[in-house]
Amino acid sequence: QYGWNYETGFRLRNSDESMMLDVSAFYYHLNNAIVRRLTAASTEYYTNSGDIKQPGLELYFTDWLIKQTDHGFIRGLQFSESLTISKFAFGNYRDATTGYAGNELTGVPRHVSVASVQVKFPESLYLYAQYNSTARIPLNEANTFYAPHYNLVQAKLGWQHQLSNKSRLEIFA
């Protein structure tokens, strides 16, 4: 297999780097893609077959809405967002009996969004929460089976202590 990848983007940061924005757009065209196949007896083999077109956009943003300080109840508040939009599809691709041109690439969701908030408190305590939203995922080349869209929420409460210039102790749940 062989392909061409085109990518461009930009990065924006403020002077103290408490805010950052990264945006990248890409297009990868894979020719003669290696595809997994199974025989009737479930023996696995691989073949070169067709092409895959993979355009997408990635965005990352983070900002300390309340910059880190040694005063007050809230000692810092950071928001972050990461977004990936993928429109990966089969190009000129078929197996012995069926053409899949234009179908979504298996295993790749159309979008994934991950947002997080980190809050710092006195006595080196912190709270971190993250929300992940992932679009449905095609499970076969014919796009007849999908893993459903899902949402995931995670949270962590912790305490950090600097032991030395190179070591830190962290306890969290």
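Is Glu170 buried, partly exposed or exposed? In this predicted model, Glu170 is partly exposed, with a relative accessible area of 28%; the class follows because buried means under 20% relative accessible area, exposed means over 50%, and partly exposed lies in between (1.4 Å probe, protein chains only). Residues are numbered from 1 along each chain as its sequence is written, and side-chain values use heavy atoms, with hydrogens and water left out. As the model is predicted, local features need pLDDT of at least 70 and side-chain atom pairs count only at pLDDT 80 or more, whereas totals for chains, interfaces and linings use all residues.

Glu170 takes part in a salt bridge with Arg168, their closest N and O atoms being 3.7 Å apart. A salt bridge is counted when a side-chain nitrogen of Lys or Arg is within 4 Å of a carboxyl oxygen of Asp or Glu. Arg168 is exposed, at 52% relative accessibility. Side chains of opposite charge can pair when their charged atoms come close. Five salt bridges are found in the whole structure.

Another of these pairs joins Glu17 to Arg13, with an N to O distance of 3.2 Å. Glu17 is exposed at a relative accessible area of 53%, while Arg13 is partly exposed at 37%. A further salt bridge, between Lys67 and Asp16, has an N to O distance of 2.8 Å. This pair links distant parts of the chain, 51 residues apart: Lys67 lies in the loop between β5 and β6 (76-86), and Asp16 in the loop between β1 and β2. Strands (E, at least two residues) and helices (H or I, at least four) are DSSP runs, numbered from the N terminus. Both partners are partly exposed, Lys67 at 44% and Asp16 at 43%.

The loop between β1 (2-13) and β2 (19-31) also holds Ser15, which is exposed with a relative accessible area of 81%. The C-alpha atoms of Ser15 and Gly76 are separated by 18 Å, the two residues being 61 apart along the chain.

Strand β5 (residues 51-66) contains Leu65 and also Gln54. Leu65 is exposed, at 55% relative accessible area, whereas Gln54 is buried at 12%. Beyond its neighbours within four places in sequence, Gln54 is in contact (heavy atoms within 4.5 Å) with Phe26, Tyr27, Tyr28, Leu30 and Phe88.
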